[in-house]
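The following explanation is intended for a reader who meets this structure for the first time. Please keep the sequence and the model in view while reading.

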Number of protein chains: 2
Amino acid sequence: MAVQQVLINGQWRASSGKETFQAVNPATKQALPDVYPLSPWSEVEEALQAADQAARTVRQWPAERFARFLEAYAGQIEKKSDELCRMANLETGLPVEPRLKVAELPRTINQIRLSAAAARDGSWKIPTVDTKNNIRSCFGPLGPVVVFGPNNFPFAYNGIAGGDFASAVAAGNPVIGKAHSSHPATTRLLAELAHQAAQETEMPAGFVQLIYRTSHADGTKLVSHPLLGGIGYTGARATGLVLKEAADRVGKPIYVELSSINPVFFLQGAIEERPQALIDDFVSSCLMATGQFCTNPGLVILPEGPGTEAVIKAIAEKFTAAPVGTLLSGGVESHLRAAIVAIRGAGAEVVCGADTPVDSGRHCVPNTLLRVSGEAFLKNPAKLQTEAFGNSSLFVVVKSKEQALAVIDTLEGNLTGSIYSHTQGKDDAQYDELAPQLRQKVGRLLNDKMPTGVAVSAAMNHGGPFPATGHPGFTAVGVPAAIHRFAMLQSYDNVRSHRLPTSLQDKNPTGKQWRLVDGEWTQGDVASK
Amino acid sequence: MAVQQVLINGQWRASSGKETFQAVNPATKQALPDVYPLSPWSEVEEALQAADQAARTVRQWPAERFARFLEAYAGQIEKKSDELCRMANLETGLPVEPRLKVAELPRTINQIRLSAAAARDGSWKIPTVDTKNNIRSCFGPLGPVVVFGPNNFPFAYNGIAGGDFASAVAAGNPVIGKAHSSHPATTRLLAELAHQAAQETEMPAGFVQLIYRTSHADGTKLVSHPLLGGIGYTGARATGLVLKEAADRVGKPIYVELSSINPVFFLQGAIEERPQALIDDFVSSCLMATGQFCTNPGLVILPEGPGTEAVIKAIAEKFTAAPVGTLLSGGVESHLRAAIVAIRGAGAEVVCGADTPVDSGRHCVPNTLLRVSGEAFLKNPAKLQTEAFGNSSLFVVVKSKEQALAVIDTLEGNLTGSIYSHTQGKDDAQYDELAPQLRQKVGRLLNDKMPTGVAVSAAMNHGGPFPATGHPGFTAVGVPAAIHRFAMLQSYDNVRSHRLPTSLQDKNPTGKQWRLVDGEWTQGDVASK
């Protein structure tokens with residue numbers, strides 16, 4: 001069987017690599033027919049050279065060009081919606097409806113279009129003008145970006161179509177997409193569409209490229225290469241840390257999203273007031289997509305007492321009764337099983353799931369609920385925060401508010417933290433102590449809501465303190481904020497006015513771009529001095 | 001003689017360390033009388049614990065409190081101006097007038113006051129409101145920050161008074177200042193004033209602390225400590241890289257400013273049109289403060305020809321005739337001498353200075369001009385970019401525009417890049433090729449101007465690609481942009497409105513705060529839904 005081609009320097013062509021791999025259908029455990037290459041270093045370097053050339057070609061292009069490419073690409077994806085969803089379903093086990101077709105693909109198209117609109121608008125550059133000193137600055141492109149997509153969002157985080165891709169392009173950067181090995185065919189199809197869109201809109205050859213896999217050594221060489229501008233990585237912690245170290249050592253901006261267990265606090269008042277809502281919210285959030293969200297509620301902190309016991313019992317019943325979802329891959333299954341073993345080994349008991357037999361014809365693990373006392377948690381907080389990526393969660397039953405606060409102090413950085421409290425404020429005193437402490441540990445703080453919904457909003461923060469991400473000042477979701485990750489700050493001091501980028505010239509280039517002129521945000525022109 | 005005290009947890013007290021050091025007057029090579037301690041780990045950890053307590057105390061304080069502290073501190077510094085300048089002159093050899101008293105101290109006070117104003121204004125937080133999704137975000141404090149100040153700005157970059165300090169405080173973070181060992185008395189005096197201001201304005205005990213020195217191992221332990229929020233470091237590259245690696249490994253935001261040689265291009269048209277202006281600009285910029293600026297023009301690229309030879313000859317004459325300034329320390333002298341040796345070893349010739357005998361009673365090196373052909377530069381670009389921190393510069397005489405472009409391609413990241421061109425546009429074609437390529441290598445691009453002036457402007461970028469700094473998206477100078485370095489992005493999803501920070505509540509807290517509401521910048525209130 002022919003090995004699939006890589007997209008390098010504007011051409012689909014045979015890889016020169018000898019090693020290959022195949023994806024597996026997790027719902028059948030059968031290998032899928034396509035064979036994909038592992039690219040040797042020479043090929044990676046060619047991609048880098050081509051991306052560098054592309055970056056030089058486009059660095060002074062008007063934003064309109066990037067917007068047009070993104071819009072053409074969004075249109076192509078829309079047209080191939082059925083084929084994409086079929087392919088992604090085969091490779092990931094995620095259901096076509098509603099997940100892939102109704103939720104993720106439209107979100108992906110929306111992200112690309114929002115990024116195009118942000119590029120065209122230009123306000124994301126934060127053009128800043130100091131007329132007194134004649135110094136002007138704005139954000140500009142960083143150079144070629146490589147994006148490593150994760151396993152759990154075959155579209156919305158795909159290395160060649162997801163939020164990092166769209167952000168990097170909106171900032172004016174060429175992208176080298178690195179497919180996730182569990183869904184190479186979906187990624188290939190997206191890259192075909194991206195390539196078509198790039199040709200239609202006359203982007204240079206190396207603007208959009210795709211490789212499937214490299215050796216680990218070549219991965220670190222890639223992220224630390226002098227021609228590279230920056231890196232987006234979403235995925236497993238161990239791999240991400242290796243890439244981060246290589247990139248950090250040479251000062252390449254790298255944005256990693258590594259792990260998050262998303263603590264949820266059920267305060268006494270909420271448990272008393274509306275136990276059923278808590279139960280329903282939690283079960284639906286935790287089992288959605290078989291728990292394979294970065295924002296899955298993997299840790300729930302509840303106060304000791306009969307109300308809590310009733311909630312746990314009801315959740316366990318629902319977990320046991322609910323269908324067991326298919327996991328993304330054998331790797332996800334074995335990691336999840338190992339995490340459950342680790343958490344049990346650190347002192348947690350099984351409430352339900354874990355060892356229950358399940359369908360062995362597909363990759364899955366029973367819906368699992370674990371519990372531990374606050375005291376036991378505090379004895380081994382690191383192990384008990386092992387990310388169990390999938391349909392499993394750990395409940396920590398605490399004796400007191402003090403114990404809950406102590407638990408927060410041991411938490412690693414997370415993407416999100418949620419607090420459910422009494423709607424009429426009965427437990428506000430507790431909220432007021434817990435929330436400020438939790439605030440510093442998470443990127444997004446929620447009230448009375450599970451964290452799994454990640455709206456593509458300008459105010460979203462899909463980011464957080466390490467190890468949720470590598471830097472707590474950036475978000476991977478939300479336009480235009482996500483674009484800043486792939487931009488550098490460029491100041492112009494005494495530069496002659498016709499030489500400035502249009503965003504910094506006196507005349508507002510669109511009549512609508514927001515600019516910070518002498519401390520005031522305005523859509524107007526800069527007044528002549 | 002008594003060992004000077006450290007400031008830990010609101011108390012000046014004897015260090016428990018046994019090792020000590022003394023500063024040296026570089027103008028006499030004599031040790032100064034005060035003896036300073038090296039703090040053992042236990043003391044550093046106490047400071048961290050106290051800073052953590054302070055961070056918990058102030059995390060919900062109104063910005064007004066940080067502004068008041070900063071203003072009180074600025075006032076204290078102003079009152080002690082004479083004593084501070086006398087002390088700094090003894091420790092650094094920098095002249096009291098105009099440098100310390102007329103330039104650096106007023107700038108330092110101005111930076112602190114601007115940071116106070118930015119804190120009070122609150123627009124730096126980029127409050128962002130999405131009314132449709134009820135998601136709101138803003139930047140908030142990061143946690144305790146440690147600031148390592150450099151040797152060359154005893155006030156404006158001081159760990160307890162400089163831009164990093166003021167930015168970190170404006171964001172609401174406690175600061176642990178780490179004195180530079182070459183000016184501990186200046187730093188102690190500043191810390192005394194900071195402590196007084198903190199008491200006056202009722203800041204918690206651990207909000208401002210000072211240590212002088214730690215072992216290298218404890219330095220890396222400090223920057224990677226779980227209780228730490230972030231780090232500012234300006235100084236030598238080798239030390240900075242060690243700290244950066246330790247901080248990066250645990251995902252602590254660290255902002256390092258490491259080295260920069262600030263390439264300056266003299267285009268043919270400028271050389272023909274106004275040679276004297278170029279000569280005067282360069283000599284005054286390069287010898288200012290004995291060349292000890294991060295933005296010192298250490299590399300000048302000029303086209304081959306008689307005009308260039310005349311410029312080089314005139315500069316050499318001025319360098320030879322100019323007084324030889326005192327360097328900051330014996331370390332600076334030996335580094336500068338070693339750098340000159342390295343650059344010569346890599347193929348550069350001496351035009352003037354280098355081996356000329358100079359006053360051996362103080363730390364100094366003759367004003368040195370080196371030159372190399374473009375061809376020779378391209379054979380050994382790494383060595384020839386050795387930062388010669390001090391009164392020395394390397395001229396690269398290129399054969400062609402292509403050679404100039406090739407030189408740019410070999411450049412490491414720099415803080416600045418300058419291009420002098422013909423005022424009537426005679427060499428615009430060259431400018432148009434060089435500038436976009438240079439743009440990607442530097443944080444600030446200048447026209448017809450030397451890089452040594454760093455205005456405290458909202459549009460300033462005192463930053464740049466590695467190794468100029470560790471991340472090209474941030475600036476160390478310029479309010480409010482510099483504050484973002486010490487902040488985390490905090491999103492609030494469905495949070496009840498009375499629980500939001502005031503910046504995110506419907507009512508504009510000051511009536512003047514700029515906020516991004518549903519995509520529009522406004523100083524108004526959020527309209528009720």
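The paragraphs below pass from the relation between the chains to the domains, and then to individual strands and helices.

The model is a predicted one. Chain B is superposed on chain A by a rotation of 180° with 0.0 Å of shift along the axis, and the RMSD is 0.0 Å. The two copies are thus related as by a two-fold rotation axis.

The contact between the copies draws 59 residues from chain B and 59 residues from chain A. On the side of chain B that touches chain A, at least two residues each are supplied by β7 (128-130), β8 (135-141), α8 (237-249), α16 (428-439), β20 (442-447) and β21 (487-493) of chain B. The largest share of that side comes from β21(B), with 7 residues. Sorted by class, the side of chain B that touches chain A holds 25 nonpolar, 21 polar and 13 charged residues. Of the interface residues of chain B, 100% are also interface residues in chain A, so the copies meet through the same surface.

Strand pairing also links the chains. Strand β20 of chain A, residues 442-447, pairs with β21(B) in the parallel sense over 3 bridges. Within this pairing, Arg444(A) has Ser491(B) of β21(B) as its bridge partner.

Attention now turns to the domains of chain A. Domain 1 comprises 6-124 + 132-258 + 476-483, and domain 2 comprises 263-447. The C-alpha centres of these two domains of chain A are 33 Å apart. Their contact takes 13 residues from domain 1 of chain A and 13 residues from domain 2 of chain A. On the side of domain 1 of chain A that touches domain 2 of chain A, there are 4 nonpolar, 6 polar and 3 charged residues.

Strand β16 of chain A, residues 349-352, is joined to β17(A) by 3 bridges, and the two run antiparallel. Here Val350(A) stands opposite Leu370(A) of β17(A). Strand β17(A) also pairs with β18 of chain A, residues 392-398, in the parallel sense over 6 bridges. In that pairing Arg371(A) is set opposite Phe395(A) of β18(A).

A further strand of chain A is β12(A), residues 230-234. Here 5 of the 5 residues are buried, so β12(A) is largely enclosed by the rest of the structure. In a regular strand the side chains alternate between the two faces of the sheet. In β12(A), Gly230(A), Gly232(A) and Thr234(A) point one way, Ile231(A) and Tyr233(A) point the other way, and all are buried. Strand β9 of chain A, residues 145-148, pairs with β12(A) in the parallel sense over 4 bridges. Val145(A) has Gly230(A) of β12(A) as its bridge partner. Strand β12(A) also pairs with β13 of chain A, residues 254-257, in the parallel sense over 4 bridges, and Thr234(A) stands opposite Glu257(A) of β13(A).

The corresponding region of chain B may be read next. Strand β12 of chain B, residues 230-234, is mostly covered, with 5 of its 5 residues buried. Strand β9 of chain B, residues 145-148, runs parallel to β12(B) and is joined to it by 4 bridges. The bridge partner of Val146(B) in β12(B) is Ile231(B). Strand β13 of chain B, residues 254-257, likewise runs parallel to β12(B) and is joined to it by 4 bridges. In β13(B), Ile254(B) is the bridge partner of Ile231(B).

Two helices of chain B complete the account. Helix α6(B), residues 184-200, has 17 residues and reaches 24 Å from its first C-alpha to its last, close to the 24 Å expected at 1.5 Å a residue. Of its 17 residues, 13 are buried, so α6(B) is largely enclosed by the rest of the structure. Helix α6(B) is followed by Glu202(B), which has a positive phi near 55°.

The other helix is α15 of chain B, residues 401-410, where Ala406(B) has its place. Is Ala406(B) buried, exposed or partly exposed? Ala406(B) has 17 other C-beta atoms within 10 Å, and is therefore partly exposed. Ala406(B) and Glu375(B) are 31 residues apart in sequence, and their C-alpha atoms are 9.7 Å apart in space.

Conventions: Residues numbered from 1 in each chain as written. Chains lettered and ligands numbered in written order. Predicted model: local features only at pLDDT ≥ 70, side-chain atom pairs only at ≥ 80, totals over all residues. Contact = placed C-beta atoms within 7 Å. Nonpolar A, V, L, I, M, F, W, Y, C, P; charged D, E, K, R; others polar. Pairing = 2+ DSSP bridges. Domains from an automatic or database assignment. Least-squares fit on C-alpha atoms with pLDDT ≥ 70 in both. Expected span 1.5 Å × (residues − 1). Buried ≥ 20, exposed ≤ 12 C-beta atoms within 10 Å, placed from the backbone.
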